[in-house]
Structures are given as C-alpha cells and as structure tokens.
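I opened my notebook to get to know a new structure. Here is the model I was looking at.

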Amino acid sequence: MKDIGFIGVGTMGCPMASNILRNNYNLSFYDPYVSEENKKKLFDLGAIEKSSIADLCIKNEIIISMLPNGNDVEEISLGKDSIINQSNKDLIFIDMSTILPSDSININKKLNEKNIEMYDAPVGRLVSNAIDGTLLIMVGGNKNNYSKIEKILNCMGSDVIYCGKAGSGSTMKIINNYMSIVSNIVTAETLSLVDKSGINRELAIKLMSSTAAGKGHMNLTYPAKVFKNDVGPGFKNSLALKDLKLAINHAEKEGIDLVSGKGVLKTYEAAVEGKYKDLDWTAMFNYIKEINNLD
Ligand code: NAD
C-alpha cells in the first residue's frame, strides 16, 4: 500500500502528509481551501492535488483525514461526493481529527455497512511534533486489520497506541484533553499564587514536582491507596478541605481569585458532610463514582 490520499492539509495535516511523503509513499491530497504556502510545501515533496474526493479515492486504498470538526468529517465520509459513495471497494479510512467519540462510532458503523474499514486515530501533542513526526496517535478500530495501517501511522507519530474498538481513539483523546485542559487552569492559578506570594518560581516548581501536585494523583497517591481498595487515612478529606480553604483564603489576601479551587471546594464539602470525612483523600475517586452511580 504505497498510495495515500489525504483530506485536510492545514496546520497539522500539511506536516503530517509531508512526513508520509518523506517515507517514500505516493500522496495525493484534497483540500478546497488549502493555503498556497501548504500547497507549495506538498508539491515540493512530490504530492499531487485532487479536485474531488472521487478523484482522490480512485487509486488510493488508504484515505486519511485531518479536519477541524465532526461535521467536516461527516461531510467527507458520508455526504454527497464522499468516501461512502466511491467505487473503490478496498478503501481504508483513517480519521485523525479530534471529534466526538459517538460521531466516530456512527461514521465507522455506516462505512462498515459498505465494507469500508475505518479507524479513528486522533493525535496528541503540538504542531512541532507534527513537523518532527513525533505525535502521540491514539487508535480505535478493528484490531485484525490494524497492522495494515500501523506502518503509515508510524511515519507521523513516535507513539502509536492501539486503544480498542471503534471510537476508542477519539474517546482516549478527549479524556486526555479533559485532564490537560482543566489542569492547565489549576496550574495557571497555582503559579500566579506562587509569583504573587513572593516564592521563587523555580524553587516552587522543583518542590511541587516531588509531591502529588506535580507527580499527579494517578501516578502517586491512587496506586498507593484507593487502587488497592485502601481508603483508610492517610491524609483525611477533612484535612484536605481545611487546606483547600487555607489556600483560597491566602489567595484572597493576595488578590487572587482561585476559581477552580472554589469549584472543587463544593465537591469536598459535599463529600465531607457524609462518610468521606475521615477517609483518605484518594477516596474522592470512590465519591465521584458514587455520585455518578458507577459500580
Ligand atoms: P486547520 O484549520 O489548520 O486545518 C484544517 C484543514 O482542513 C484546512 O486546510 C481546511 O482547508 C481543511 N478543510 C476544512 N473543511 C474541509 C473539507 N470539507 N474538505 C477538505 N478539507 C477541508 O486545523 P488543524 O490545526 O490542522 O486541526 C485539525 C484537527 O487536528 C482538529 O480536529 C484539531 O482539533 C486537531 N488537533 C490540532 C492540533 C494543533 O495544535 N493545531 C493538535 C492536536 C490535534
């Protein structure tokens, strides 16, 4: 499989397609809104431009898309003049856009009915990683045929991880981004407080890199306690609540509004009102599952 079709050669798609070309694949692309700059970069590496999806699908067995939203992916896969309507019956479609997992599953199901294999394979990391070919790629779809696409994904990423059935790549990507995006604000609030309180920032970062703050609960406190079904104290939730209030109070005196800390305060207060008061702080994992009616 040396012929690849690529749909959407923007900020991420262009360097990703470039890395496929550098690995000696033939690549044609379809992007009606492509910038002149990206077009030139791809032409210089030997790419061919196609003016329709029908044209793109004629020779290529593998079609990759890297588009902004779920409705764009739906349009090129299920819409008029889309992948589902093509006569090439050996198509494998890999969508690398970040979209809602249920959209990935729905598109996969409809394409499968026409015997077109689909993988959701969104990417983690930055544009610089797309340029270097060091993306994290999270793949969902049929494991049996996964080997057919793995080599191509390796041209774009240094970490290609098979996550499970259709939709699992998109699901993993969204979950990872949830944690990164929320902790970004907690990090910004924390370092603002460090700066405003007159603590040396490098010292604070080094210090916090050795605690749950910097190492993360998934790596440090949960494996030691709640993952082992041990939620006896430890560091009690009542004390965690007290310390959270101290931080909010101190920040107020420094003129900093800890918005995310105040949001989390309500959750600790509700847990501490009940049986979680004297349990270890990692028992908050059980509390969150309990209020969401999980196991
Ligand atoms: P972008 O807007 O730069 O590129 C999208 C490209 O798709 C554009 O060239 C556009 O012309 C093209 N396009 C739009 N509709 C099309 C259609 N119907 N047919 C063909 N081409 C079409 O976006 P991007 O930054 O490359 O992001 C693409 C995806 O990657 C998004 O889902 C984004 O969330 C995800 N992502 C982006 C980054 C990043 O740092 N930019 C990092 C990780 C993941």
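**Ground rules.** I am working with a predicted model, where local features need pLDDT of at least 70 and side-chain atom pairs count only at pLDDT 80 or more, while totals for chains, interfaces and linings use all residues. Residues are numbered from 1 along each chain as its sequence is written, and side-chain values use heavy atoms, with hydrogens and water left out.

**Overall view.** I looked up the helices and strands (DSSP runs, H or I of at least four residues for helices and E of at least two for strands, numbered from the N terminus). The protein has 14 helices and 9 strands. Its C-alpha atoms fill a box of roughly 65 × 45 × 30 Å along the principal axes. Of the 295 residues, 42% are buried, meaning under 20% relative accessible area with a 1.4 Å probe, protein chains only.

**The ligand.** Which residues are closest to the ligand? I found T11, M12, D31, L67 and T98, among 20 residues that surround the ligand; a residue counts if one of its heavy atoms lies within 4 Å. By class, that shell has 12 nonpolar, 5 polar and 3 charged residues. Here Ala, Val, Leu, Ile, Met, Phe, Trp, Tyr, Cys and Pro count as nonpolar, Asp, Glu, Lys and Arg as charged, and the others, Gly among them, as polar.

Next I checked distances from oxygen atoms of the ligand. One is 2.6 Å from an N or O atom in the side chain of T11. For the side chain of D31, the distance to an N or O atom is 2.6 Å. A polar backbone atom of L67 is 3.0 Å from a ligand oxygen. The protein covers 76% of the 840 Å² of accessible area that the ligand has on its own, by the Shrake-Rupley method with a 1.4 Å probe.

**Helix 1.** Is helix 1 enclosed or open? I noted that 9 of the 10 residues of helix 1 (residues 13-22) are buried, so the helix is largely enclosed by the rest of the structure. The buried ones include G13, C14, P15 and M16. N19 is found in this helix too, and N19 is buried at a relative accessible area of 7%. The N19 side chain makes a polar contact with the side chain of R22 at 2.8 Å (a pair of N or O atoms within 3.5 Å, one able to donate a hydrogen and the other to accept it). After helix 1 comes N24, whose phi is positive, near 70 degrees.

Definitions and conventions: Buried < 20%, exposed > 50% of the residue type's maximum accessible area, 1.4 Å probe, protein only.
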